[in-house]
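A plain account will do.

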Amino acid sequence: MCIRDSSFGGKLIMEARGDGGIRPTPLQDRLDDMADNIGKFGMAIAVLLFVVLSIIEAVRFGRDDPAADGRRFLDYFIIAVAIIVVAVPEGLPLAVTISLAYSQNKMRKDNNQVRRLKACETMGNATTICSDKTGTLTQNLMSVVQGYVCGTYFRVKRPGEQLEKIILDGFDAETTDILTYGLAINSSSVKTIHTHDREGKAITPKWIWDLDKGNKTDNALLDLVDRVLLEDSDVAELKSLPH
């Protein structure tokens, strides 16, 4: 049984205070255990080999064998030391670091930004992720899915920013105009058309929200307005948006 600083809770408190040092990750613990086992195994083999060769050489001396030479004990000792040195996995940390860096790049392509290499170990083994911060694990986008206006309920079949017209069933022209004009006027979000990417290469024209204007809620409502007032010419040319 562990108490005080040696307990699990005590270690967490010491880490929070900055007095307990950096706690090794489970992968580092397994690597340390494997390195210790490899070192012990190499030490045992080296000692066993040195003892066997030394016994063989001692028997030669006991038989007055002309081939016996005392300098061979030093050679056997050097061989044993060489086995111990070779058995230490010096390249293992480097190989693990390279593999974690590769994992970090692979996770970045999946829109999972990892700032520390050791986090790849945790995220790579995660099966369920719970988060309450929008934008960390999502695309940081909002869409109108359903609504209730003037006593009439409507639902969007395919939410999101798509070039597909939304038909508000049960709404007359006047209600639709009031709804769309009200949403368009009472929001500060702005879209600009982009024909080049960040590197200056030409791309298919598309509308992108300005980051310094409006918010995600305004963007979602204006997307609804665009799709409600969308015309066939807008889909074909993509040069103007209703709002």
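In this predicted model, helix H2 (residues 26–62) packs against helix H3 (residues 71–87) at an angle of about 170 degrees, and their axes are 8 Å apart. Angles over 145 degrees count as roughly antiparallel, so H2 and H3 are roughly antiparallel to each other. Their crossing is right-handed. On the H2 side the contact includes Ile 38, Leu 49, Phe 50, Glu 57 and Arg 60, and on the H3 side it includes Arg 72, Phe 73, Tyr 76 and Ile 83. By class, the residues of this contact are 16 nonpolar, two polar and three charged.

The structure holds three salt bridges. In one, the side chain of Glu 57 meets that of Arg 60 at 3.1 Å, N to O; both residues lie in H2, three residues apart, about one turn of the helix. In another, Glu 57 meets Arg 72 at 3.5 Å, N to O. Because Glu 57 lies in H2 and Arg 72 in H3, this pair ties together parts that are 15 residues apart in sequence. Glu 57 counts as buried, at 0% relative accessibility, while Arg 60 is partly exposed at 27% and Arg 72 is partly exposed at 27%.

A further salt bridge joins Arg 71 and Asp 69, with the closest N and O atoms 3.2 Å apart. Arg 71 is exposed, at 63% relative accessible area, whereas Asp 69 is partly exposed at 24%.

Elsewhere, Asn 219 lies in helix H7 (residues 216–228). Asn 219 has 9% relative accessibility, so it counts as buried. Leaving aside neighbours within four places in sequence, Asn 219 is in contact with Ser 189 and Trp 209.

Note on methods:
Residues are numbered from 1 along each chain as its sequence is written. This is a predicted model: local features need pLDDT of at least 70, side-chain atom pairs count only at pLDDT 80 or more; totals for chains, interfaces and linings use all residues. Side-chain values use heavy atoms; hydrogens and water are left out. Axes are lines fitted to C-alpha atoms, for helices over the stretch in contact, and angles run from 0 to 180 degrees between N-to-C directions. Helices (H or I, at least four residues) and strands (E, at least two) are DSSP runs, numbered from the N terminus. Angles under 35 degrees count as roughly parallel, over 145 as roughly antiparallel, 65 to 115 as roughly perpendicular and the rest as oblique. A crossing is left-handed if the near helix is turned anticlockwise from the far one by less than a right angle, and right-handed if clockwise. Contact means heavy atoms within 4.5 Å. Ala, Val, Leu, Ile, Met, Phe, Trp, Tyr, Cys and Pro count as nonpolar, Asp, Glu, Lys and Arg as charged, and the others, Gly among them, as polar. Buried means under 20% relative accessible area, exposed over 50%, partly exposed in between (1.4 Å probe, protein chains only). A salt bridge is a side-chain nitrogen of Lys or Arg within 4 Å of a carboxyl oxygen of Asp or Glu.
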